[in-house]
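Subject: Structure for you to look at

Hello,

Here is the structure I said I would pass on. Please open it first, then read the notes below.

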Amino acid sequence: MSRFFSRSGTQVPSPADLSRRTFLAGTLGGTALCLSGTASSAAIQIADLRGSMDAGELGLVPNASDDQTALFQNAINRAVEKGRALFLPAGNYPVANLRFPSGTLIVGVPGRTRLIYQGGGGLLATAEGVSNVSLSGLTFDGANRSIGGHTEGLLHFVGVRELSLTDSSIVGSAQSGVVADRCSGRISGCIITGAAEAAIRSNEATGLQITDNVITDCANGGIWVHRWKQGEDGTLVSGNRIERIGAKHGGTGQWGNGINVFRADGVVVSGNRIADCAFSAIRSNTGSNVQIIGNSCLRSGEVAIYSEFAFQGALISNNLIDGGTTGISIANFMDGGRLAVCSGNLIRNLSATGPYPPEVAGFGIGIAAEADTTITGNVIEGAPRFGLLLGWGPYMRNIVASQNVLRSCGTGIAVTVVDGAGSAVISNNVIQGSDKDAIVGYRWLDKATRELNNTQDWSHLAVMGNQIAA
C-alpha cells in the first residue's frame, strides 16, 4: 500500500481512507516521492486530482444498492464541461452503458473504487470518436453478466485518440475485457483476469502501447493485436505478465495464445513473461516486420513462438523458451512466409506430445524455418525430434544455420532433400548427444540420407565445420 508523509515526516492516512478534499489537503502540501528524477504514480495521481470534482458532491453514493448510471453519467458530463477531473471515492457503483466524452478524466482509489456492471444486454462503458479519455485507479467488474451482441468487450473504445487506461482492474467479463478499435494511447499497469474471451483486443490500432499489465485466467486469449486487413500497425506490447490462457473454442492455434498478432505489421513484442498458455506464448500470423525480443515463454501447450503464413520480415531474438512442443516455428513459405533472423534464443525441455494429433513434421522440434532466414547463436537442449528442421518438402530457400549449440536432441539437424528445395548452409554448429543422427536429409517425413558430413551428392546444401560429439 502507498504511504504518504508530511514534511515533518508524519505519516498521513492512505488515499483509500480519504475524501478528495482530505486527500489533497494531506498530500499536496507534502513532498512528492520521485524515483531517478521521475514522478511516482502517486504524484501523478495527485496532479490529476488538483481542482477535481468529487463524485459524492454530484450525488453519487458509494455502495448504493440501486443503479447509479444516470447520476454517474451526469457527474462525468459535468466534470468534462468544467474541464476538471472526476474523483471517485472508494466504494461500489452499480452502473451500465456509460459513455466517456472527449476530455474525460476519472481517478479512483486503486482496488477500492469499483464500477459494477448491471447487465441488461449492453456493456459497462464505451467511448467513440473522441479524444483524451483517461481512466485511472478504477476496478471495472463485469460480474460475469451477459454483454450485448453489438460489442465484444466489457469496455469498448472506438476511434479514441489518446486513450489512457492505467492502474486499473478489469474482472469478470463475459466477453473480452477491453476492446480498442482504431485507438491510440496506452493500456498500462492494469490487472485483467477472468475474461471469457481475450483480456485485451486491439483492432487497427493507430499508435497504441500495451505495457506492464498483469493478465491471468482468460478463456481464449491474452493480448490480441489484430487488423481487419493487413497493414502497418506498430503496436508496442512490452513488459506484460500473462499466465494461464485457455482455448475454450478448441482449434489448432486460433485461440489459446498469450499474445496473438494477426495481419498487423511492425508490432514489437518485447520483455513479456508468458506462462501456461494452451497453445502459443506468442503467435504472429501474417504480421510483417514483427519483432519478438527478450520474452520469457514457459510451459506452452504447442509452439512457443510462431511467425507464420504471409509475413515478410521477422526478428526473433534473445527469447527464453522452457517447455512447449516446438520452440520457434518460422513457417508457411508456400503462403509467402519468408525473411527472418532467429538468433540468441535459449530453448529447452520440449515435448513430443501436443494438444491434437501431430500434423506435418510433428512435435518436439527446437527451431523450424523455411525461407530466407538465418538461424544463428541459439542454444537448444532436449528437443526429442529435431534440434533444427530446415525446410519442408520443396519449401526451402536461402537458409543459414550456423554457430548453434544442439544438445540431447533426437536428431540434431534435419534438412529437406526433396526435389525443388532451395539452398541451405549448415556450418560451425556444435551437436552433442543426439539420440539418432547429427545431420541428415529428409524427404517429407522419411529419412533419405546417411550422415551429411559432406554434400557432394546434394548441390543445394553446404555442410561444413560442424562439431559432433557423442
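**The nonpolar cores**

Not counting residues up to four places away in sequence, F72 touches L60, L88, Y93, V95, L98, I106 and L115. Please keep in mind that this is a predicted model.

F72 is also one of the residues with the most contacts inside the largest nonpolar core, together with L88, F140, F157 and L390. That core has 103 residues. Its largest share, four residues, comes from helix α3, which covers residues 69-81. Another core lies apart from it and has nine residues, including I365, A368, V440 and Y442.

L165 is in strand β15, residues 161-166. Is L165 buried or exposed? Its relative accessible area is 0%, and buried means under 20%, so L165 counts as buried. Leaving aside neighbours within four places in sequence, L165 is in contact with L135, F140, L155, I170, V178, R186, I187, S188 and C190. L165 and I187 are 22 residues apart along the chain, and their C-alpha atoms are separated by 4.8 Å.

**The cavity**

How many cavities of 30 Å³ or more does the structure hold? There is one. The largest cavity has a volume of about 70 Å³. It is lined by 14 residues, and the closest to its centre are L389, G391, W392, Y442 and W444. Strands β41 (386-390) and β44 (411-416) are the elements that give two or more residues to this lining. By class, the lining has 10 nonpolar, three polar and one charged residues.

Regards

How values were computed. Residues are numbered from 1 along each chain as its sequence is written. This is a predicted model: local features need pLDDT of at least 70, side-chain atom pairs count only at pLDDT 80 or more; totals for chains, interfaces and linings use all residues. Side-chain values use heavy atoms; hydrogens and water are left out. Buried means under 20% relative accessible area, exposed over 50%, partly exposed in between (1.4 Å probe, protein chains only). Contact means heavy atoms within 4.5 Å. A nonpolar core is a set of buried Ala, Val, Leu, Ile, Met, Phe, Trp, Tyr and Cys residues joined through side-chain atoms within 4.5 Å. On a 1 Å grid over the protein atoms alone, a cavity is a set of points where a 1.4 Å probe fits but cannot get out, and a pocket is an open set with protein on both sides within 12 Å along at least five of seven lines; lining residues have an atom within 4 Å of a point. Grid points are joined across faces, edges and corners, and a volume is the space filled by probe spheres set on the points. Ala, Val, Leu, Ile, Met, Phe, Trp, Tyr, Cys and Pro count as nonpolar, Asp, Glu, Lys and Arg as charged, and the others, Gly among them, as polar.
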